[in-house]
Amino acid sequence: MNAQSPVVEMNNIIKRFGGIHAVEDVSLNLYPGEVVGVLGHNGAGKSCLMKILSGAMGYDGGEIKIQGDAVEMSSPIDARHCGIETIYQTLALADHLNAPANLFLGRELKTRFGMLDDRKMEEETRKALRSLNPNFKNITEAVMNMSGGQRQVIAIARAIYFNARIVIMDEPTAALGPSETAMVAELIEKLRERGIGIFLISHDMDDVCELCDRIVVMKNGRKVGEHQVGEVNKDDILSLIIKGELPDNWVPRNRTTV
Amino acid sequence: MTSERTTEQSPPPRARSPFLFWMNMTGDERKDLVQKFAALFSLVVLIIAFSLTSNAFFSLGNAMTVSLQTTSIAFLGIGVTVVILTGGIDLSVGSVLALSGTVAGLLVKAGWPVYAGMGAGVLVGTLCGIINGLVVTRLKLAPFIATLGMMMIARGVALQLTGAAPVSQLGEAFGELGNGSFFRMLEKGANGLPHMIFPGVPYPVVLMVIMAIIVAFVLRRLSIGRHIYAVGSNEEASRLAGVNVNGTKMFAYATSGFLAGITGIILMSRLVTAQPNEGVMYELDAIAAAVIGGTSLMGGVGTISGTMIGAFVIGILRNGLNMNGVSSFIQQIIIGCVIIGTVYVDHLRNRR
């Protein structure tokens, strides 16, 4: 996998809020078809780092390269042009609008005369949502009347509908029940097969160990560890998150077990 | 689950009877319809009540009078609705209409042709709206504060420009827009005096209908309209989805200013006098019309058709109460109660 060139390179990213160093000199790569778990407790800077990559937040230093080209990431629209889609923890849905309006928000389909093509949008939405959840009905209802799972499905559909190359998922399973969580896991697998790179922010250690190829741990704005998922066990990851370092006399786990 | 999947694969067949139509609607569409009917229903009740209590109320002539009286609330209400949909508020429309009207009056007085003077008046209104938008989006002030400031500034400028005195003797052409009408039919009676067959449709009423249709079209069929609802519903989500939030807000405030400008020139034209004191408290009528029509002050919910109904509820209440000789003090009390009552009913319905 590493023979390929990375789809995302973030080099020496710095973000400060006044005197607080939210992200301090962090570098991070993502390869096509790779799932990278970004871990750290609240305020460690993982969400900041991901917001910078999705264009939702500016940065004070460093560079971002997408498929080898340096890009300026100053708005969510820039990120979108680079093929980066984000599923936010808050889902970022407009509650009073229905599913098609949310799915196509900011990039509405139009007829030849420049008017909204609601029929086409509804059709496409129905297809997109059914592919994720065959039971999805009432798509023309305002999303405020939908269940947490349905809302999550809309947010996910929005990220994958537009042929993203990079998907950022911020706690995608936090609001979901077991069956829907399984659906997300299945989806991540599908995206991986299509060669899409995924950043997965999660607190759920089982999810991370199961879904990710590689994990990156942040603490106080710094990257304190980066490992292939086989090299570390849950205790090692916890140690990185809490102490910022691996346990004493640590050796890569996959080597000792062999 | 499998049976559901097969039944849900294709959209439900189109309705054939009104009942099926009702069954086929989603909860939201149904709610929307109930809302419309609730407001329309109260409008019909008002018309019936006033027709019974006053002989002069239910006539074509009075219908045109009511429509004409309602135009200013409707114009302002449409503009304010667009702003409220984005989650903002526009308190400046009453003052902006005065400024637009006086600018138009002064320019015509100074020798400008009527259309140019009026055009400049509307432009001034739009400019005030754009300034509101800039203060909200660039200085990041709360819309209430920004437009409260503009309310005082525009009124002050209008008073200063005219020395607080009305500008009169503007010529007959200045009164054409406000007082003219289409299809007015007169007949010479037996006594030699003209006898009116059809009162005609006043220009402002025609303009009101056109404006309402245009704005409703923009809100429903164009992406800027969709963005207006989205910004009012969840501003941060809209920004993250790539919506130009500031541009959308600018558009809303400019629209409101533009419509306030139109209201200004029409009102001054009706009086054939530019009155710097015109339009005091009109912003509250406009907001009331929007709210009665189901617009949520939190943003994201509301329609132009609702606001038009709201404007007519206020217009007909005023007219009908006048016809029944109810004092203007009592009228205020009644309209206040109607605002609270309709919004409460709306609230109950949404709470579930």
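Below are some questions and answers about cavities.

This is a predicted model, in which local features need pLDDT of at least 70 and side-chain atom pairs count only at pLDDT 80 or more, while totals for chains, interfaces and linings use all residues. Residues are numbered from 1 along each chain as its sequence is written, chains are lettered from A in the order in which they are written, and side-chain values use heavy atoms, leaving out hydrogens and water.

Q: How many cavities of 30 Å³ or more are there?
A: On a 1 Å grid over the protein atoms alone, a cavity is a set of points where a 1.4 Å probe fits but cannot get out. Points are joined across faces, edges and corners, and a volume is the space filled by probe spheres set on them. By this rule the count is 2.

Q: Which elements give two or more residues to the lining of the largest cavity?
A: This cavity has a volume of about 150 Å³, and 14 residues line it (an atom within 4 Å of a point). Helices (H or I, at least four residues) and strands (E, at least two) are DSSP runs, numbered from the N terminus. The elements are helix 2 (76-81) and strand 6 (84-87) of chain A, together with helix 11 (235-240) of chain B.

Q: Which element gives the most to the lining of the second largest cavity?
A: About 40 Å³ of space lies in this cavity. Helix 1 (46-53) and strand 7 (166-170) of chain A each supply at least two lining residues. With 3 residues, the one that gives the most is helix 1 of chain A.

Definitions and conventions: 1 Å grid on protein atoms, 1.4 Å probe; cavity = no way out; pocket = protein on both sides within 12 Å on 5 of 7 lines; lining within 4 Å.
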